[in-house]
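The following report goes through the two-chain model shown here, moving from overall dimensions to individual residues. Please keep the sequence and the structure in view while reading.

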Amino acid sequence: MPGVQRLDPAVLCWRVDPEQFSFTTTAELEDLTQIIGQARATEAIQFGIGIRREGYNLFVLGPPGTGRHAIVRRFLEEQAAREQPPTDWCYVNNFDQPHKPRALRLPPGIGVKLRQDMERVLEDLKGAIPAAFESEEYRARRQELEERLKERHEQAFEELRKQAEVHHIALIRTPAGMAFAPTRKGEVLSPEEFQKLPEAEQKRIEAVIATLQESLEKIIHQLPQWKRESQQRTRDLERDVTLAAVGHLIAELRKEYAALPEVLDYLDAVQQAVIENADDFKHTEEGPELSLFGISISRAGRAPSLRQYQVNVIVDHGATRGAPVVYEDSPAYQELIGRVEHQAQMGALLTDFTLIKPGALHRANGGYLVLDARKVLLQPYAWEGLKRCLSAREIRIESLGQMLSLISTVSLEPVPIPLNVKVVLLGERILYYLLYHFDPDFRELFKVAADFEESMHREPESPLLYARLIATLARRDNLLPLDRGACARVIEQAARLVADMERLSIRVQDITDLLREADHWARAAGRDVVTRDDVQRAVDARIRRSDRVRERMQDEIRRATILIDTAGARTGQVNGLSVVQLGELAFGHPSRLTARVRLGKGEVLDIQREVELSGPIHSKGVLILAGFLGARYCAERPLALSASLVFEQTYGAVEGDSASSAELYALLSALAEAPIKQALAVTGSVNQHGEVQAIGGVNEKIEGFFDICRSRGLTGEQGVLIPAANAKHLMLRQDVIEACEQGKFHVYPVTTVDEGIELLTGIAAGARDGDGRFPEGSINRRVEERLAILAELARVYAAPPEAVGPP
Amino acid sequence: MNGHVHIRRILVALDASGASQAALEAAAQLAEQMEAELLGLFVEDINLLRLAGLPFAREVGFPSARTRRLESEDMERALRAQAARAQQALAQAAERVRVRWSFRVARGMVAAELLAAAESADLVALGMTGMQVSPRLRLGATAQAVVSGATGAVLVVSQGVCLRSPVVALYDGSPASVQALELAARLLPDEEQRISVLVVADDPQQARRLEAEAAARLKKNGVQARFRLLAEADGASLRRAIQSETPGTLVLAAGMTALRDETIQELLEAGDCAVLLVRQEGAKKTKSRGKRSRPQGSSD
């Protein structure tokens, strides 16, 4: 069996050759206008923007820093520029139901014009109406009406008085009313005189007075009606006068807005209201501010009754070109839906349609609204409010209190405005999948998902494209241009960021940060071009800033507080490798893994798992080991083994199966009693067939072990076993590669456990021959024999006592 | 021709009407100015009492239009209550301006009782109308009788009016108009005094003479006045001239040739100012009237 060859140092990292670039610095490169590596997402965005159907709103998912915002904005603005600006919206008073303000849809720019026109009309009316009521015409006609009423009264009483007089009867005012009395020479007959009259005369007088009284009653009954008639005529007169003042002003406006029937309706309503409320205009002189205990009780500036003729323009597209693209940074419920504000007046909160304020949906109506999904979800009820507007296709302004039916006091209920907007939500993937899973509305409303990648495939032309991306980013941030070497180093780092020599990171944010930091170091060094060294320094400095824990850890290994051997050979002990992620820094370090075996019932005891310091994936790896062992060595015998495995000196939870191959090596070493070279460290997971499988963080793991070895002095024996499948992920540090080139350090790609154990023990693993037996002396033979012994022992101990021997 | 008028006793005709209340206020104002005494008189209308005694007497309520039986006792009670209210109002008004006052109740024909009482007073103040039914202003029968029958000065006030500037007086040189001028000059406190004098004459020459005369008389009282000369004055043009001055208080002299009774009545019925009608002393018409008055409480 040929041994595993170490990897050629040339394949431990993908190097970008600066000589492939024809430019000197990135200043010569054109801006990159295309979006690289996001074909799927951009197609989805284009589709989502293009499709005009209900529910085709977009959810842009992907990690932050991939330039989602900029890309979405760019596409939206391109599309919006091709569209017409949407209509203006105004809220105006509803004169019939003031608590339900009316919404007016107006062509762009007309909202403000209508507001100004109404203000002008109002100013004119403030002069014209009082003037009309001071006119001679009005006074004369009013006096005439009053006179007519007086005459009518007088005539009625006068006639009655005359009728009475014919019979010598007087109409007399009594304390509580009126009465008729027979008179003689202007004086009322006394009862005695009346008695003296002949009986017939008395009867006649009584009868006459009775009829007169009836007439009097009738007259008095009619008085209020006459008064009402007169008042009605006065009102009609006032309406005529007001109409004369307001009519031509409104008529002028009607001509201007003839094409807008809604406005014409509104103007009619205004005219009617002005006529009904002409009194409001008669006393508009600005008097002293009314206040009580220092609190103003007259509403700011204008009499409340005249506010009802204002026009509240909530959306003005007079200066808008194309459809609006709105990004709402703080999508609280009321910032989205709009709100009705209140004014405190004498301790009461008052409102009217002029206090309706628009929300982001109003501003974006007819265009596009971009929101951060996380922010929307964090704001109470914003998500519910947004969904309701989108599914109802209208914006209904309600306070949270109203929406939750917490408040029953009457507030405004503005007429909803039809909504036609495309919403683009930006969020992490997890949010998309959670919403998709848990919110049935979400699927209906956000039918287009645009999934952003964080990395892209490396193609032959990629380095140049990437160099142009670097040039664009540097220019955008006013950074120094980069020379070829610096560009190459940045691109290498882009590959390292995704830990893959065949891919490049397209998290623009990370690249931009690297460029900014490199720019800083270049400027600090007094250069006007960023060089490879500056980029390297930026990378190193960033690691340096956050590697306090790593340093402590390596220190403790060096000082033998944490026991790690990097030389010699030990049975049942192997160097595993683990990765720690702390903030932005991930680093690897070796851990000692030990295995002990004895007679038992076939369980592989993972101490880590027993004390609940291991995650489920780790446990899974250990159980696979047992599966492998049993199947390969004890297929037809009981596995009479009890093995215990432990990560020495770990005090926290262990997760991941990348140590499962190391555990298996330790176990095989313990069973075969073959010492393992401590100069090697191992990573890789293993399956039940003994194949070594890929793991994550391979670069950090190799570097972690390398750092320990180097601090103790490289012997030339040291190296790391990695799964062969991870070879393409290698983007190792320059110093590691240099050591490999000098033969002081080695990286071995391993595909099977047999390859690994051979490397670690220096003893052949051995394959079964034609008889199904492993070669003598091979690791596998030694393991199989050991297990056979254990099985036999187990059988002996398990037999009934009488079979063992006579008592 | 030294017609110095002294007003020491002012008779106020009191009833339950608003005009009577205005007359009381004006009288109190005048009493304060002249340091005069207020004599309140409430006349229980004999006509009402007789009416109430009639077997078929009915009252139609106003404005309720409900017909009620009238009883003598009820009427007596109602009149007594009105009298009490009148006395209270008088007491309040008089005490406010700090003048002596007395009050009595008489029973009889209202105009006759007032005229009889007026003989012992220098001025009668009364409302233009009694209680009103019709909204139009009309000089009431009682007021009419008093205006034409009184021997002294008469002050007629309608509801809502009081004595105020500008005081407009008519002057034609007659003794009564001299008295009117003198009274006009002293009618209001000095700080409020603004007087317009309309000089009525047959020709411009006479007018200028009369103006000089009037100016001299007023100067004696330390009053400056505005003069306006009226050459040919018939009733209508006189009325227009007066109204164009927008008088607050109008002082007229009875017996001026240019001033006929209809004109006076028209001026009164305009109702927008208090009208003081002055009669030349000595021109008293003497009339004998039966007195059925009984004294009531009086007080300072």
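## Contacts and overall dimensions of chain A

Among the contacts in chain A that link residues at least 6 apart in sequence, 76% are between residues at least 24 apart. This figure, like the others in this report, is computed from a predicted model. The secondary structure of chain A consists of 29 helices and 32 strands, and 40% of its 807 residues are buried.

The radius of gyration of chain A is 48 Å, whereas a compact globule of 807 residues would have a value near 28 Å. Along the principal axes, the C-alpha atoms of chain A fill a box of roughly 170 × 90 × 50 Å.

## The annotated active-site residues

Which residues of chain A does the UniProt annotation "active site" cover? The record, an unreviewed entry, places that annotation on Ser658(A) and Lys701(A). Although these residues are spread over 44 residues of sequence, they cluster in space, with a largest C-alpha distance of 10.6 Å.

Ser658(A) sits in the loop between strand S26 (641-647) and helix H24 (660-672) of chain A, and it counts as buried because it has 27 C-beta neighbours inside 10 Å, where 20 or more are required. When neighbours within four places in sequence are left aside, Ser658(A) is in contact with Thr683(A), Gly684(A), Ser685(A) and Ile695(A).

Lys701(A), by contrast, belongs to a helix, H25 (residues 698-712) of chain A. Lys701(A) has 28 C-beta neighbours inside 10 Å and therefore also counts as buried. Not counting residues up to four places away in sequence, Lys701(A) touches Leu577(A), Val579(A), Gly588(A), Thr683(A) and Val720(A).

In the loop between H24 and strand S27 (676-677) of chain A lies Glu673(A), whose phi is near 55°, a positive value in a residue other than glycine. Most residues other than glycine have a negative phi. Is Glu673(A) buried or exposed? Glu673(A) is exposed, because 12 other C-beta atoms lie within 10 Å, and a residue with 12 or fewer is assigned to that class.

## Packing of helices H18 and H20 in chain A

Helix H18 (residues 484-497) and helix H20 (residues 532-546) of chain A have axes that come within 7 Å and cross at roughly 30°. Angles under 35 degrees count as roughly parallel, and H18(A) and H20(A) are therefore described as roughly parallel to each other.

On the H18(A) side, the contact is made by Gly485(A), Ala486(A), Ala488(A), Arg489(A), Val490(A) and Gln493(A), while H20(A) contributes Arg532(A), Asp534(A), Val535(A), Gln536(A) and Val539(A). By class, the residues of this contact divide into 5 nonpolar, 3 polar and 3 charged.

## The side of chain B that touches chain A

Between the two chains, 27 residues of chain B are in contact with 27 residues of chain A. On the side of chain B, the elements that give two or more residues are helix H2 (46-53), strand S3 (58-61) and helix H3 (72-97), and the largest share, 5 residues, comes from H2(B). This side of chain B has 16 nonpolar, 7 polar and 4 charged residues.

The loop between S3 and strand S4 (67-69) of chain B contains Pro63(B), and the peptide bond from Phe62(B) to Pro63(B) is cis, with omega near 10°. Ala65(B) lies in the loop between S3 and S4 of chain B as well; Ala65(B) has a positive phi of about 65° although it is not a glycine, and with 18 C-beta neighbours inside 10 Å it counts as partly exposed.

A cis peptide bond also joins Ser165(B) and Pro166(B), where omega is about -10°. Pro166(B) is found in the loop between strand S7 (153-157) and strand S8 (167-171) of chain B. Most peptide bonds are trans.

Helix H4 (residues 110-118) of chain B is mostly covered, with 9 of its 9 residues buried. Among the buried residues of H4(B) are Glu113(B), Leu114(B) and Leu115(B).

Definitions and conventions
Residues are numbered from 1 along each chain as its sequence is written. Chains are lettered from A and ligands numbered from 1 in the order in which they are written. This is a predicted model: local features need pLDDT of at least 70, side-chain atom pairs count only at pLDDT 80 or more; totals for chains, interfaces and linings use all residues. Axes are lines fitted to C-alpha atoms, for helices over the stretch in contact, and angles run from 0 to 180 degrees between N-to-C directions. Helices (H or I, at least four residues) and strands (E, at least two) are DSSP runs, numbered from the N terminus. Angles under 35 degrees count as roughly parallel, over 145 as roughly antiparallel, 65 to 115 as roughly perpendicular and the rest as oblique. Two residues are in contact if their C-beta atoms, placed from the backbone, lie within 7 Å. Ala, Val, Leu, Ile, Met, Phe, Trp, Tyr, Cys and Pro count as nonpolar, Asp, Glu, Lys and Arg as charged, and the others, Gly among them, as polar. UniProt positions are given in the numbering used here, feature names are shortened, and annotations may be inferred rather than shown by experiment. The radius of gyration is taken over C-alpha atoms; the globule rule is 2.2 Å times the number of residues to the power 0.38.
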